[in-house]
Amino acid sequence: MKRLVLRLLFVLALPALLVVVWWLASDGSTNVFWPPLRTILRTFPDVWTAERLRDDVLPSIWRLTAGYALAAVAGVAIGTVIGSYRRVRAVCEPVLEFLRAVPPPVLIPVIMLFAGIGDTMKVTVIASGCVWPILLNTAEGVRAVDPVMLETARSYGITGPSRLRHLVLRSSSPQIFAGLRQALSIGIILMVISEMFAASNGIGFTIVQFQRSFAVPDMWTGILVLGLLGFLLSVVFQLVERRALAWYHGLRASTRRSP
């Protein structure tokens, strides 16, 4: 119990300190673009009502989830193929490096030409940005699978889907989850940017509307919602990662304890 309390204090210490610093730094501010934190917090419940959460936050979460899921499936599948075959990697690597260097927000006008301005465009933009860290980390993770384990599996006749599931993907799963974690933050950024370009709802759309109408405290509440959303998604991701990689964390813990 004491250990849990100490851990909770460590987790909350820095956010609490930042809130105090923000409160003191903005207290008494008369700058229209830098309102006091107490004004922002007082405005928050009036702006983000249940109706606005349903109309703006839920569509954003759906777009992020759809784009992120597409990127995860495509990134793991393509990355596994590229990491498994040297010739495929040699052929695809120059093209992948070129495509990875193109910032996804630049592609938004192009994607709008083919996908329109609806949810399809936003999901495509999110997926096009999230796929790269997943794909590249998967490819590197598959390449790093112990060749002795691969040879042992081959000797015991473990091939095909069983070899892929129980050896290749399992061995590379720590690096795959590292790519998934990077992709999550990229997805949140692209979700907001895509909604700022062309949308009728969503968190990004709402923030831009507040900014254009000079409702600055309302705009800051939208930024707080984004921060809270990112924090909650990070917590959920950590829970999933801890469960999926329980064997990996247990192995590392036992290695540290061994003399």
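The model is a predicted one.

**Overall make-up**
- Along the sequence, the elements follow the pattern α-α-α-α-α-α-α-α-α-α-α.

**Burial, surface and contacts**
- The chain has 259 residues, and 36% of them count as buried.
- The chain exposes about 16000 Å², and 68% of this area is supplied by carbon and sulfur atoms.
- Among contacts in the chain with a separation of 6 or more, 74% are between residues 24 or more positions apart.

**Helices α9 and α10**
- Helix α9 covers residues 203-212 and helix α10 covers residues 216-244.
- The axes of these two helices come within 8 Å and cross at roughly 160 degrees.
- Angles over 145 degrees count as roughly antiparallel, so α9 is roughly antiparallel to α10.
- The crossing of α9 and α10 is left-handed.
- On the α9 side, the contact is made by Ile203, Ile207, Phe210 and Gln211.
- On the α10 side, the contact is made by Asp218, Met219, Gly222, Ile223, Val225, Leu226 and Leu229.
- The residues of this contact between α9 and α10 divide into eight nonpolar, two polar and one charged.

Notes: Residues numbered from 1 in each chain as written. Predicted model: local features only at pLDDT ≥ 70, side-chain atom pairs only at ≥ 80, totals over all residues. Heavy atoms only, no water. Axes fitted to C-alpha atoms, helices over the stretch in contact; angles between N-to-C directions. Helix = DSSP H or I, 4+ residues; strand = E, 2+ residues; numbered from the N terminus. Parallel < 35°, antiparallel > 145°, perpendicular 65-115°, else oblique. Left-handed = near helix turned anticlockwise from the far one by under 90°. Contact = heavy atoms within 4.5 Å. Nonpolar A, V, L, I, M, F, W, Y, C, P; charged D, E, K, R; others polar. Buried < 20%, exposed > 50% of the residue type's maximum accessible area, 1.4 Å probe, protein only. Areas by Shrake-Rupley, 256 points an atom, 1.4 Å probe, with all protein chains shown as cover.
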